[in-house]
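Biologist: I'm new to this one. Could you walk me through how to read it?
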Amino acid sequence: MALLTCQDLALGYEGKKVVEDLSFSVDPGDYLCIVGENGSGKSTLIKTLLKLMPPVKGQILTGDGLKQNEIGYLPQQTEVQKDFPASVKEVVLSGCLNRSGLGPFYNQAEKRLAFANMEKLGIANLAKRCYRELSGGQQQRVLLARALCATRKLLLLDEPVAGLDPKATADMYQLIEKINANDGITVIMISHDIAAAAKYASHILHIGHQKPLFCGKKADYVASDLGKAFCLAKGEEA
Amino acid sequence: MIIEKLSLYFQFPFVRYALIVGVLISLSSSLLGVTLVLKRFSFIGDGLSHVAFGAIAIATILNLSNNMLLVVPVTVLCGILLLATGQHTKIKGDAAIALLSVGSLAIGYLLLNLFSASANLAGDVCATLFGSTAILTLTMTEVWLCIGMSLVVIAVFLLFYRQIFAVTFDETFAKATGIKANIYNLLIAVVIAVIIVLAMNLVGSLLISALVICPALSAMRVFKSFKSVTLCSVVISVVCTALGILIAILAGTPVGATIVAVDIATFGMFSIIGRLTGGRL
Amino acid sequence: MKKPFWSILVLLLLIGLLGGCATSESAAEKSTAGDAAGETVPGNTAAGDTVTGGTAAGDAAAGGAAAENQPAAAGSAIDLDLTQLSSIMVYSEVFSMMERPEEYMDKTIKMAGLYSCFYDETTESAYHFVIIEDALACCQQGIEFIWQGDHAYPQDYPEEGFMIEVVGALQIYEESDREYYRLAATELTVK
Ligand SMILES: Nc1ncnc2c1ncn2[C@@H]1O[C@H](COP(=O)(O)OP(=O)(O)OP(=O)(O)O)[C@@H](O)[C@H]1O
Ligand SMILES: [Mg+2]
């Protein structure tokens with residue numbers, strides 16, 4: 001059974017459509033990469049999948065017993081309060097909250113998980129630092145560690161490598177691949193890095209102007225005219 | 001000399017109650033200071049205190065034996081109302097708060113003027129606004145009510161500490177990962193409303209924001225994690241309140257204003273400490 | 001780390017709820033508090049301390065507090081000297097006096113304040129007050145007093161607004177079917 005099924009979905013803000021005619025499904029273990037131009041509605045799709053905003057039309061069905069608190073999320077932009085006093089450790093730990101009960105303390109297992117994720121992202125040495133005093137790339141890694149803590153079945157990433165240096169970017173892709181392959185976690189990722197998408201993803205969703213242009217297996221996409229054109233254009237840029 | 005005076009004053013039960021109740025109220029009010037500052041809810045505190053004033057006016061006119069029984073529910077209700085409207089559209093929410101708070105202040109005062117049987121109207125109004133001696137003139141019922149509500153606020157905060165952190169830090173992420181952010185926002189609103197009603201006893205309705213926000217702001221000057229800021233603001237708030245009450249009864253100054261003055265002085269001190277340490281703590 | 005936390009939390013909640021509930025029993029609380037007040041009010045000379053429940057609890061309501069003190073006649077010893085307190089303390093103590101007069105019955109009280117007089121045309125009698133102001137000078141409380149002995153109004157009384165000091169015991173009296181409290185002043189000095 002599919003983890004997520006979108007039927008004839010139309011997305012938008014206050015009734016104004018941004019994208020329509022979206023129909024696709026995501027199976028457990030998939031690695032879906034969403035590509036498209038700026039403003040095509042990728043982030044909007046993710047927010048709608050997360051039920052942060054209602055769809056204009058159509059519906060999203062969840063299957064395989066997927067619950068909201070089994071999802072990890074990395075937003076494109078965080079509306080984190082400007083002068084919030086929070087240490088890196090506290091921020092990462094807050095990702096464990098959706099698997100946790102009441103009371104002011106996290107248990108040992110949750111602390112271990114948070115620490116492991118900080119290690120994975122190379123920010124263990126920053127644990128005591130204040131979040132708002134980190135560089136953009138460091139903040140991005142902290143939020144990724146938090147997202148990983150929250151993930152149990154599905155991980156949604158909105159441009160996870162934005163702001164990361166080349167080495168961190170490569171590490172990041174490998175990390176996501178490992179999570180997907182070894183832990184069996186379904187990944188939905190937005191990326192402008194079409195080469196990486198072609199390399200790691202199992203499925204690709206290409207959103208064009210108001211309409212999805214392609215949705216299916218990666219191999220088919222690379223073979224299609226659209227995929228060729230897009231890959232080529234990107235290749236020339238680089 | 002001062003010690004003698006103090007030990008003399010401590011033999012009065014109302015001084016002891018004032019200290020106990022004052023410490024508990026300031027403890028519970030400082031807990032949500034950070035949340036209040038960061039969620040830009042400071043104005044809700046002000047608005048609610050005016051609502052509470054209106055409710056007190058009505059309770060006075062109705063000659064209720066214990067006006068807290070009316071004031072608490074009314075204020076909590078308005079807190080929920082304000083927060084609910086504030087969520088959807090920003091500007092409307094602001095206007096709603098302004099309208100509700102100024103409206104209840106005006107109507108409260110008007111009603112008092114028209115119907116109050118009390119001979120000393122200006123005094124009543126002034127006491128509610130500035131809390132000059134309110135904490136020293138609590139009835140036993142009010143003492144117990146204050147202690148009970150403070151303890152409930154503290155318990156709720158401890159119970160939902162991590163949720164409050166998550167919802168304050170990044171509401172979107174919290175919602176996306178299955179935390180019932182709306183419920184916690186509601187809870188925060190209710191707790192804030194209760195705190196406002198409590199704090200009115202301590203400093204009066206005009207000085208509430210200072211009592212709630214000053215300790216958090218001071219702590220944020222020096223400390224950089226949520227836990228340390230929360231702990232520090234609790235300590236600041238309790239110490240300042242106790243000190244304020246003691247100074248007030250020794251020097252005969254108005255209690256509310258004295259507490260707030262001590263709070264402000266502490267803020268200045270912590271600003272300097274923050275500069276000196278460069279926020280390394 | 002965990003265990004103590006949870007037990008503290010449960011304790012807090014319990015106390016909190018009890019606190020909430022206890023308000024209904026606060027009437028009872030009040031009278032016990034009254035006893036405490038009676039015992040600890042400063043300025044007590046030996047007279048105040050020696051008394052322990054000598055009188056049977058005849059009337060349960062006000063019994064405790066009233067029984068505390070020797071009859072005021074015992075001497076001019078002052079049970080409660082408000083002139084020793086800071087202004088805000090005076091105001092609060094007077095408030096508590098008005099709130100729970102039964103606890104202060106028959107105690108000898110010394111207080112200072114502004115003299116004020118109110119002449120009632122209908123009863124053709126003058127009522128005298130000591131006015132106490134709070135720190136903001138916006139709240140006032142007046143305590144009525146009656147000067148014992150042969151003093152003619154207005155000749156013997158000070159002028160309105162003068163600072164006076166009175167010593168006397170709090171007593172209850174009835175007028176037109178309502179109960180009032182006043183200080184039966186044995187001394188009045190203009191300062
Ligand atoms: N809060 C909002 N209210 C109204 N319209 C919005 C809002 N956010 C985005 N839009 C509009 O919706 C469209 C899609 O935005 P979206 O953020 O989904 O683009 P995107 O594909 O994620 O772009 P990018 O690659 O730049 O991240 C844009 O045209 C944008 O103007
Ligand atoms: Mg986007």
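Biologist: Which protein donors does the magnesium ion (ligand 2) have?

Modeller: Keep in mind that this is a predicted model, where local features need pLDDT of at least 70 and side-chain atom pairs count only at pLDDT 80 or more. Residues are numbered from 1 along each chain as its sequence is written, and hydrogens and water are left out. Donors are N, O and S atoms within 2.8 Å of the metal (3.2 Å for Na, K and Ca); with water not among the atoms, sites may look incomplete. Here they are Ser43(A), through OG, and Gln76(A), through OE1, lying 1.9 to 2.1 Å from the ion.

Biologist: Which parts of chain A does the pair tie together?

Modeller: Ser43(A) sits in helix 1 and Gln76(A) in the loop between strand 5 (71-74) and helix 2 (88-94), so the two link parts 33 residues apart in sequence. Helices (H or I, at least four residues) and strands (E, at least two) are DSSP runs, numbered from the N terminus.

Biologist: Is Ser43(A) buried or exposed?

Modeller: Buried means under 20% relative accessible area, exposed over 50%, partly exposed in between (1.4 Å probe, protein chains only). Ser43(A) is buried at 18%, while Gln76(A) is partly exposed at 39%.

Biologist: And what polar contacts does ligand 1 make?

Modeller: Look for a pair of N or O atoms within 3.5 Å. An oxygen of ligand 1 is 2.8 Å from a polar backbone atom of Gly39(A), and a nitrogen of ligand 1 lies 3.2 Å from a side-chain N or O atom of Tyr13(A).

Note on methods. Chains are lettered from A and ligands numbered from 1 in the order in which they are written. A polar contact is a pair of N or O atoms within 3.5 Å; within protein, one must be able to donate a hydrogen and the other to accept it, and residues adjacent in sequence count only if both atoms are side-chain atoms.
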